[in-house]
Amino acid sequence: MNGYNGKILRVNLREKTVKVEDINTHDAERFIGGRGLGSKILLDEIDPKVDALSPDNKLIVITGPLTGAPVPTGGRYMVVTKSPLSGTVASSNSGGYWGAEFKATGYDAIIIEDKSEKPVYINIEDDKVEIRDGEHLWGKLVSETTKALKTAHGEKAKVLTIGPAGEKLSNIAAIINDEDRAAGRSGVGAVMGSKNLKAIVVKGSKKTNVYDEEKLKEVVSKLNKQIKEDGVTGTGLPAYGTAILVNIINENGVFPTHNFQTSQFDKAEEISGETLANDHLIKRTACYRCPIGCGRYVRIHDSEGGGPEYETIWAFGSNCGISDIKAIIDANFWCNEYGLDTISTGATLAAAMELREKGYIKEEDLAGPDLKFGNTEAIIYWTQKMGSREGFGHKLGMGSYRLCESYGAPELSMSVKKLEIPAYDPRAIQGQGVQYATSNRGGCHVRGYLISPEILGSPVKLDRFALEGKAQWAKTFQDLTAAIDSLGLCLFSSFAFSADDYAELYNAVTGSQHTGESLIGAGERIYNLERVFNLKAGIDGSYDTLPKRLLEEEIAEGPSKGNVTKLSVLLPEYYELRGWVDGAPTEEKLESLGL
Amino acid sequence: MDIKVKLFAYLREGRDKVVLLDMNEGDTIKKAVKILNIDPKEISILLINGRDANIDSILVQGDTVSIFPPVGGG
């Protein structure tokens, strides 16, 4: 099979069995791979109502047909499972090198079932698949685990692991690969921890088969040129990484500050991409076959490691009132070590700071640095305690919604479907607002990055305050993103590629006959499939909303003053475009998509 | 009239982060860009007081102009 290995591994951790199965080619055609095919397998194999941390949930780690292929940014893999944080379908994707290495072992996906009695890890070296004792790794930080497993299996081996946060079932635990790349969101690390699975080590020697080598070379050459010539992928991201967004988002007055109480941070310059590049950057880093290289490798004090992304800088920075970039870099290091999602960790700390400010959390509850906006000591200390789930850190590790709810103030959690909203105040970016509200996994910017047209002017510049056309933009971006996530490519390629470009790549690798339009159509099928999972899990249209603050409290000052997200106007239009009634696809809609 | 111009990313190379200009009534961003010796092709996003603007937008006393080259992320 071109693009695919055609094989799936099924590992049962209770029975300690490993089976090799053929991929369902009909489903692969309809749902592409990665996020799409993973969601189809999940919906087919689990009851969406299961407790996400019970043995009945499954953890699916899956590549796309372009993962590991000789194509730009083709290194992504996806973790698909039911989220313990949101109760929705979770699909978190990550870059680095693990995904391509896993594909090279000869499998497209691994389905992990049930739960091991004792901690284990899985080692895959081409056809050899072993479930090995992992007790010596349990409790270890991500860098320690990675080092130990590379010592055991060789430097070429790539390691995907959880940290202590996943072991201790934090709802905001991530899965980390290659030490500092994260399948970050939705608490996928806790699902892995609930199965007593510490790590998956891979080492492969197989190449992805390509349908038309000559055509692929031609398409790749054209697309590499587009990446180089595009201002964002060719110049901006390589030079400054995603952190370059700090100043532009702040200048627009949509940089959430103090848990979204205000929308501009007077010390943004101190935590900007420019400051990070000038004062701390050692080198840029790139994922598998990525000509962009947006990754940062940074130094503070005597430590070096992966640097913070824009959303991480926001979460621990303005949102917690912190202007010390070194403290943010440090917090990011600790998130990688403990295996925590940086967005949800910073956002939960910001929510705790507002709870503290309003008197819900008392000083005596803490037994540690005071959770006050601007306290740098607090973000480092409490990030570590969230990771180890000690003391008040245990409560913080539940995520912001459950934390705020426990004090009777769930409205102070800036989340959608209990997943924390990142880094862009949707009150003055209307398309992003309806996208956040309707995202199948909850408050997420990478389910449809409307920031691109509404703020950055790519592919065209839209008026961020306008409502007209925004529901359609949200739907199109969500559908195209679902397709990109299913192919196994990085979303950043979309700054330089059109839908037709993706279709050309996909066709050259697999021999399929897609157009840009039909690829977006496949994305729509995937989006609806995820929605069906959510509905069966009990997450209906009533969850397609935003925190009260964003719907009712106008931005108080700055260039975005006086705005709220006008969801009551946007949502009905969005549902109509989707062919949904009250957030649920109609029978006709499902039939038209072949679902 | 007094105009504050804020520069970002590599537009800062060889220039200050913030430049104060004394300009005339009716001047546009184009003139400010010329004074600062910035190639308009390098500009991706222009804001006046945090709101979308373009190269022909007319400036008024006290305006702050923010100039960005192509940037992105997410």
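What is the volume of the largest cavity? In this predicted model, the largest cavity has a volume of about 40 Å³.

**The enclosed cavity**

- Twelve names make up the lining of the largest cavity: A:G34, A:I62, A:T63, A:G64, A:R76, A:Y77, A:M78, A:N93, A:I484, A:D485, A:G488 and A:L489.
- At least two lining residues of the largest cavity come from each of β3 (59-63), β4 (77-82) and α20 of chain A.
- The largest cavity lies between domain 1 (7-203) and domain 3 (424-592) of chain A, because both domains give residues to its lining.

**Helix α20 of chain A**

- Helix α20 of chain A covers residues 470-487, which is 18 residues.
- From its first C-alpha to its last, α20 of chain A reaches 26 Å, close to the 26 Å expected at 1.5 Å a residue.
- Most of α20(A) is covered, with 15 of its 18 residues buried.
- Just after α20(A) comes A:G488, which takes a positive phi of about 100°; A:G488 also belongs to the lining of the largest cavity.

**The second largest pocket**

- The second largest pocket has a volume of about 410 Å³.
- Its lining consists of 20 residues, of which A:P459, A:F477, A:L480, A:S494 and A:F495 are the closest to the centre of the pocket.
- The lining of the second largest pocket divides into 12 nonpolar residues, eight polar residues and no charged residues.

**Cysteines**

- A disulfide is a covalent bond that links the sulfur atoms of two cysteines.
- Over all chains, a search of the whole structure finds zero disulfides.
- A:C294 is in no disulfide, and the nearest cysteine sulfur, belonging to A:C490, is 6.4 Å away.
- A:C294 has a relative accessible area of 14% and is therefore buried, since buried means under 20%.
- For A:C320, the closest cysteine sulfur is that of A:C335, at 11 Å, which is too far for a bond.
- A:C320 also counts as buried, because its relative accessibility is 0%.

Methods. Residues numbered from 1 in each chain as written. Chains lettered and ligands numbered in written order. Predicted model: local features only at pLDDT ≥ 70, side-chain atom pairs only at ≥ 80, totals over all residues. Heavy atoms only, no water. Helix = DSSP H or I, 4+ residues; strand = E, 2+ residues; numbered from the N terminus. Expected span 1.5 Å × (residues − 1). Buried < 20%, exposed > 50% of the residue type's maximum accessible area, 1.4 Å probe, protein only. 1 Å grid on protein atoms, 1.4 Å probe; cavity = no way out; pocket = protein on both sides within 12 Å on 5 of 7 lines; lining within 4 Å. Points joined across faces, edges and corners; volume = space filled by probe spheres on them. Domains from an automatic or database assignment. Disulfide = S-S within 2.5 Å. Nonpolar A, V, L, I, M, F, W, Y, C, P; charged D, E, K, R; others polar.
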